Amino acid sequence: MAKKPTQEPEEEIIYVSKSELKRDAQQYHQLGVDIAQLGKKQREKLPLSPELVAAMDLADKLRGKHDAYRRHLNFVAKQLRTTNNVEELQQGLDLILNRNNQAEVLLNQVEKLRDELIAKGDEKINDLLDAHPTLERQKLRQLVRQAKKEHQAEKPGKGYKELFQLLKELILP
(Lines give C-alpha, C1' and ligand atoms only; values in the text may rest on other atoms or scores of the structure.)
Protein backbone atom coordinates (compact mmCIF):
# COMPACT_ATOMS: atom_id res chain seq x y z
CA MET A 1 0.00 0.00 0.00
CA ALA A 2 1.27 3.36 -0.97
CA LYS A 3 0.98 6.21 1.48
CA LYS A 4 -0.68 9.35 0.28
CA PRO A 5 1.25 12.45 1.07
CA THR A 6 -0.82 14.48 3.48
CA GLN A 7 -1.25 18.11 2.72
CA GLU A 8 -0.87 20.17 5.86
CA PRO A 9 -2.15 23.70 5.58
CA GLU A 10 0.71 26.14 5.60
CA GLU A 11 0.62 28.56 8.47
CA GLU A 12 0.61 32.17 7.56
CA ILE A 13 3.81 33.82 8.65
CA ILE A 14 3.38 37.30 10.02
CA TYR A 15 6.43 39.47 9.65
CA VAL A 16 6.99 42.23 12.15
CA SER A 17 9.35 44.96 11.17
CA LYS A 18 12.37 45.74 13.27
CA SER A 19 11.20 49.32 13.84
CA GLU A 20 7.82 48.07 15.09
CA LEU A 21 9.60 45.83 17.59
CA LYS A 22 11.67 48.81 18.75
CA ARG A 23 8.53 50.95 19.16
CA ASP A 24 6.92 48.23 21.27
CA ALA A 25 10.06 47.92 23.39
CA GLN A 26 10.12 51.69 23.93
CA GLN A 27 6.46 51.67 24.97
CA TYR A 28 7.10 48.93 27.53
CA HIS A 29 10.16 50.80 28.79
CA GLN A 30 8.18 54.05 29.15
CA LEU A 31 5.40 52.21 30.98
CA GLY A 32 8.00 50.78 33.37
CA VAL A 33 9.52 54.23 33.93
CA ASP A 34 6.09 55.75 34.61
CA ILE A 35 5.19 53.02 37.10
CA ALA A 36 8.60 53.29 38.81
CA GLN A 37 8.11 57.05 39.29
CA LEU A 38 4.88 56.51 41.21
CA GLY A 39 4.87 56.37 44.98
CA LYS A 40 4.29 53.09 46.79
CA LYS A 41 0.69 54.00 47.73
CA GLN A 42 -0.16 54.79 44.11
CA ARG A 43 1.51 51.60 42.87
CA GLU A 44 -0.65 49.54 45.22
CA LYS A 45 -3.68 50.63 43.20
CA LEU A 46 -2.25 48.99 40.06
CA PRO A 47 -2.71 45.27 39.36
CA LEU A 48 1.02 44.43 39.46
CA SER A 49 2.24 40.85 39.49
CA PRO A 50 4.42 39.77 42.45
CA GLU A 51 7.51 39.84 40.19
CA LEU A 52 6.77 43.43 39.17
CA VAL A 53 6.15 44.47 42.78
CA ALA A 54 9.57 43.07 43.74
CA ALA A 55 11.16 44.75 40.71
CA MET A 56 9.60 48.10 41.67
CA ASP A 57 10.86 47.77 45.25
CA LEU A 58 14.37 47.20 43.89
CA ALA A 59 13.93 50.15 41.51
CA ASP A 60 13.21 52.36 44.53
CA LYS A 61 16.49 51.26 46.10
CA LEU A 62 18.47 51.81 42.88
CA ARG A 63 17.02 55.22 42.07
CA GLY A 64 20.16 57.14 43.10
CA LYS A 65 22.52 54.96 41.03
CA HIS A 66 21.99 56.14 37.46
CA ASP A 67 23.39 53.25 35.39
CA ALA A 68 22.08 50.51 37.67
CA TYR A 69 18.64 52.18 37.69
CA ARG A 70 18.63 52.41 33.87
CA ARG A 71 19.59 48.74 33.50
CA HIS A 72 16.97 47.74 36.05
CA LEU A 73 14.29 49.66 34.14
CA ASN A 74 15.26 47.64 31.07
CA PHE A 75 14.66 44.52 33.16
CA VAL A 76 11.26 45.91 34.24
CA ALA A 77 10.37 46.48 30.57
CA LYS A 78 11.31 42.86 29.86
CA GLN A 79 9.03 41.74 32.70
CA LEU A 80 6.21 43.87 31.30
CA ARG A 81 6.55 42.17 27.88
CA THR A 82 5.69 38.84 29.48
CA THR A 83 2.82 40.25 31.56
CA ASN A 84 -0.73 39.56 30.41
CA ASN A 85 -2.45 42.61 31.86
CA VAL A 86 -0.43 45.42 30.26
CA GLU A 87 -3.56 47.22 29.03
CA GLU A 88 -5.02 47.11 32.54
CA LEU A 89 -1.79 48.56 33.92
CA GLN A 90 -1.81 51.33 31.31
CA GLN A 91 -5.43 52.24 32.07
CA GLY A 92 -4.75 52.29 35.81
CA LEU A 93 -1.69 54.46 35.27
CA ASP A 94 -3.64 56.86 33.05
CA LEU A 95 -6.28 57.15 35.74
CA ILE A 96 -3.70 57.81 38.46
CA LEU A 97 -1.85 60.37 36.35
CA ASN A 98 -5.19 61.87 35.26
CA ARG A 99 -4.12 61.91 31.64
CA ASN A 100 -7.68 62.27 30.44
CA ASN A 101 -8.48 65.06 32.92
CA GLN A 102 -11.40 63.02 34.23
CA ALA A 103 -11.37 64.61 37.66
CA GLU A 104 -11.35 68.09 36.14
CA VAL A 105 -14.35 67.26 33.97
CA LEU A 106 -16.26 65.95 37.00
CA LEU A 107 -15.45 69.09 39.00
CA ASN A 108 -16.75 71.21 36.12
CA GLN A 109 -19.98 69.18 36.18
CA VAL A 110 -20.31 69.79 39.93
CA GLU A 111 -19.83 73.55 39.43
CA LYS A 112 -22.41 73.58 36.65
CA LEU A 113 -24.90 71.67 38.81
CA ARG A 114 -24.32 74.09 41.70
CA ASP A 115 -24.94 77.09 39.43
CA GLU A 116 -28.13 75.47 38.05
CA LEU A 117 -29.37 74.81 41.58
CA ILE A 118 -28.83 78.45 42.52
CA ALA A 119 -30.47 79.71 39.33
CA LYS A 120 -33.50 77.36 39.16
CA GLY A 121 -34.11 76.72 42.85
CA ASP A 122 -36.78 74.21 43.92
CA GLU A 123 -37.37 72.85 40.41
CA LYS A 124 -33.76 71.68 40.09
CA ILE A 125 -33.66 70.55 43.73
CA ASN A 126 -36.61 68.22 43.11
CA ASP A 127 -34.93 66.80 39.99
CA LEU A 128 -31.73 66.20 41.96
CA LEU A 129 -33.63 64.54 44.83
CA ASP A 130 -35.40 62.24 42.35
CA ALA A 131 -32.03 61.18 40.97
CA HIS A 132 -30.39 60.90 44.43
CA PRO A 133 -32.98 60.06 47.11
CA THR A 134 -30.33 59.79 49.85
CA LEU A 135 -29.86 63.56 49.91
CA GLU A 136 -31.43 65.57 52.71
CA ARG A 137 -33.99 67.95 51.19
CA GLN A 138 -33.89 70.42 54.06
CA LYS A 139 -30.11 70.76 54.14
CA LEU A 140 -29.92 71.05 50.35
CA ARG A 141 -32.63 73.76 50.22
CA GLN A 142 -30.95 75.64 53.07
CA LEU A 143 -27.56 75.61 51.31
CA VAL A 144 -29.12 76.67 47.99
CA ARG A 145 -30.95 79.59 49.67
CA GLN A 146 -27.78 80.68 51.48
CA ALA A 147 -25.67 80.39 48.31
CA LYS A 148 -28.29 82.33 46.33
CA LYS A 149 -28.20 85.19 48.86
CA GLU A 150 -24.40 85.24 48.74
CA HIS A 151 -24.44 85.13 44.94
CA GLN A 152 -26.88 88.04 44.72
CA ALA A 153 -24.70 90.03 47.11
CA GLU A 154 -21.76 89.10 44.83
CA LYS A 155 -19.92 87.67 47.81
CA PRO A 156 -19.66 83.89 47.31
CA GLY A 157 -18.90 82.49 50.73
CA LYS A 158 -19.62 79.69 53.12
CA GLY A 159 -22.95 78.44 51.70
CA TYR A 160 -21.59 78.53 48.15
CA LYS A 161 -18.59 76.40 49.17
CA GLU A 162 -20.63 74.03 51.36
CA LEU A 163 -23.08 73.40 48.50
CA PHE A 164 -20.16 72.62 46.22
CA GLN A 165 -18.67 70.19 48.76
CA LEU A 166 -22.02 68.44 49.24
CA LEU A 167 -22.45 67.98 45.49
CA LYS A 168 -18.84 66.91 45.08
CA GLU A 169 -19.28 64.16 47.67
CA LEU A 170 -22.43 63.07 45.89
CA ILE A 171 -20.97 62.92 42.38
CA LEU A 172 -17.34 61.97 42.95
CA PRO A 173 -16.70 58.50 44.36
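Among contacts in the protein chain between residues at least 6 apart in sequence, 55% join residues at least 24 apart. Keep in mind that this is a predicted model.

Q: What makes up the secondary structure of the protein chain, and in which order do the elements run?
A: The protein chain has 9 helices and 0 strands. From the N terminus on, the order reads α-α-α-α-α-α-α-α-α.

Q: Why is the protein chain called more spread out than a compact globule?
A: The globule rule gives 16 Å for 173 residues, while the radius of gyration is 27 Å, well over that value, so the chain is more spread out than a compact globule. Along its principal axes, the C-alpha trace spans about 95 × 60 × 30 Å.

Q: How much of the protein chain is buried, and what is its accessible surface made of?
A: Buried residues make up 29% of the 173 residues. The accessible surface comes to about 13100 Å², and carbon and sulfur atoms account for 49% of it.

Q: Why is His 72 called buried?
A: Buried means under 20% relative accessible area. His 72 has 8%, so it is buried. This residue sits in helix α4. Its contacts, not counting residues up to four places away in sequence, are Ala 55, Leu 58, Ala 59 and Leu 62.

Q: Why does Leu 107 count as partly exposed?
A: The partly exposed class lies between the 20% limit for buried and the 50% limit for exposed. Leu 107 has 31% relative accessibility, so it counts as partly exposed. You will find Leu 107 in helix α6 (residues 102-120). Leu 107 and Phe 164 are 57 residues apart in sequence, with 9.3 Å from C-alpha to C-alpha.

Q: What makes His 132 buried or partly exposed?
A: Under 20% would be buried and over 50% exposed. The relative accessible area of His 132 is 28%, so the residue is partly exposed. His 132 is in the loop between α7 (122-131) and α8 (137-152). Its C-alpha atom is separated by 12 Å from that of Glu 169, and the two residues are 37 apart along the chain.

Q: Which residues touch the most other members of the largest nonpolar core, and which elements give two or more residues to this core?
A: In this core of 19 residues, Ile 35 and Leu 48 touch the most other members. The elements giving two or more residues are α1 (18-37), α3 (50-62), α4 (66-81) and α5 (86-97). The largest share, 5 residues, comes from α3.

Q: How many positive and negative charges does the protein chain have, and how far apart are their mean positions?
A: There are 31 positive and 28 negative charges, and their mean positions are 6 Å apart.

Key. Residues are numbered from 1 along each chain as its sequence is written. This is a predicted model: local features need pLDDT of at least 70, side-chain atom pairs count only at pLDDT 80 or more; totals for chains, interfaces and linings use all residues. Side-chain values use heavy atoms; hydrogens and water are left out. Helices (H or I, at least four residues) and strands (E, at least two) are DSSP runs, numbered from the N terminus. The radius of gyration is taken over C-alpha atoms; the globule rule is 2.2 Å times the number of residues to the power 0.38. Buried means under 20% relative accessible area, exposed over 50%, partly exposed in between (1.4 Å probe, protein chains only). Contact means heavy atoms within 4.5 Å. Accessible areas come from the Shrake-Rupley method with a 1.4 Å probe; for residues, only the protein chains shown count as cover. Lys and Arg count as positive and Asp and Glu as negative; His and the chain ends are not counted. The place of a charge is taken as NZ of Lys, CZ of Arg, CG of Asp or CD of Glu. A nonpolar core is a set of buried Ala, Val, Leu, Ile, Met, Phe, Trp, Tyr and Cys residues joined through side-chain atoms within 4.5 Å.
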